[in-house]
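Please consult the sequence and structure shown here.

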Amino acid sequence: MAGPGTRVFISHLSALAVFDPNGDQVGRVRDVVVSLRLGGRPPRVLGLVVEVVGRRRIFLPMTRVTSLESGQVLTTGVINLRRFEQRPSETLVLAELLDRTVTWSKTGEAVTVLDVGMVQTRLREWEISKVFVQVGRAGRLRKGKGERLTLDWQDVTGFALPEQDQGAANLLATFEQLRPADLAGVMHHLSAKRRAEVAAALDDERLADVLEELPEDDQVEIIGKLKDERAADVLEAMDPDDAADLLSELPGDEAERLLQLMEPDEAAPVRRLLSYEEDTAGGLMTTEPIVLEPDATVAEALARVRVRDHKPALAAQVFVCRPPSETPTGRYLGTVHFQRLLREPPYVLVGSLVDDDLDPLPPDTPLPLITSYLATYNLVAAPVVDEADHLLGAVTVDDVLDHLLPEDWRDAALHAHDDAHHDTRHDDSEGVTGGR
């Protein structure tokens, strides 16, 4: 059990599982809420931001926390599931304090905040007591040079001052194990300033993966704050269909400028996708399905399916075509599903296994017919073929779901409302620490 004098560094709390008194997992810690105080007094820790089912973020007062040990957070009492809303007087430690440049009062030197530690007082309240810093600005992902020190909170100044170029290396180090969808949730809840700083610190591949999971408004905001050359690099790293969706949200001249900056072979499939109506097979498809020539073996097909970068829906089958194997391909011959590959000897040629019973989809097939096609034949992906029988791409079930759900479904998932709980979940006076 946590007791007076117990010290916990905040970065160690990130993503810890939170359990209720019955031992059931409630969610995971995403941040810590503190209230900065005047006169150099240590900030008071108000509570934890916990992400529960549906990516809803709730506030868990520290008075509800009974233990912060053994790699988990234990709580007591009923948890209020109202969505967390940050108030002007509150500060998020991971989102806003890490990577700040502050001043070491003793020497006047600029130091970069790598972590902060909180301690439980004799009154059983929690407050920030220590600041783990690096002299000078830290390098990317904590690989900078310079002396690292643990200072008392009173020994540093500058936390209350706005900072224009805060950086995000240590915030990212805290969340580096998150899946892209979860990191997208973190970024969505940051301020626009911090969101831009985090985007600038991510490498192109990681940022591309995260952008694909963000609501359209966030995508447009982030890509608009990147330099054009960097934005083009990130678009190249995205799946062509996702890049096309993003570019379709930009003004025409801006989208064309970015397309011009992309490598021609990367821009070409995106341009093709943009030429189709949005809610058609051509507009929904990915141009990078798994394509094999008929003389490829089952062993080769399984090796291609095993590539980690392939999404599950695309790895569920291979499409067999005459050369060339890049879309648009040579003549489309048929499909071989993953289960069939598993049943055959590795030396068998895929050309002898093709399923050509189903007609492929023309690129102008509307969304309702695509949905019916996938549902009728229990498919997770369908080939899209032009009039000359060239494979143009494949429509996957996740692409269809993206367009069947409401336009703001990603934003709704990140801001999931809890009206059903509003009247049935209440905190008592102890549970509303920090005004909640």
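Q: What is the volume of the largest cavity in this predicted model?
A: The volume of the largest cavity is about 100 Å³. The structure holds three cavities of 30 Å³ or more.

Q: What makes Phe319 a lining residue of the largest cavity?
A: A lining residue has an atom within 4 Å of a cavity point. Phe319 is listed in the lining of the largest cavity, together with residues including Tyr332, His337, Asp355 and Pro383; therefore Phe319 has an atom within 4 Å of a point of that cavity.

Q: Which strands each supply at least two residues of the lining of the largest cavity?
A: They are strand S16 (332–337) and strand S17 (381–385).

Q: Which domains each give at least three residues to the lining of the second largest cavity?
A: Domain 1 (6–89) and domain 3 (178–274) each do so. This cavity has a volume of about 60 Å³, and its lining includes Arg30, Asp31, Val186 and His189.

Q: How do you know where the predictor's confidence is under 50?
A: pLDDT expresses that confidence from 0 to 100, and over residues 139–143 it stays under 50. Over residues 416–435 the pLDDT is likewise below 50. The protein averages a pLDDT of 86.

Definitions and conventions: Residues numbered from 1 in each chain as written. Predicted model: local features only at pLDDT ≥ 70, side-chain atom pairs only at ≥ 80, totals over all residues. Heavy atoms only, no water. 1 Å grid on protein atoms, 1.4 Å probe; cavity = no way out; pocket = protein on both sides within 12 Å on 5 of 7 lines; lining within 4 Å. Points joined across faces, edges and corners; volume = space filled by probe spheres on them. Helix = DSSP H or I, 4+ residues; strand = E, 2+ residues; numbered from the N terminus. Domains from an automatic or database assignment. Contact = heavy atoms within 4.5 Å.
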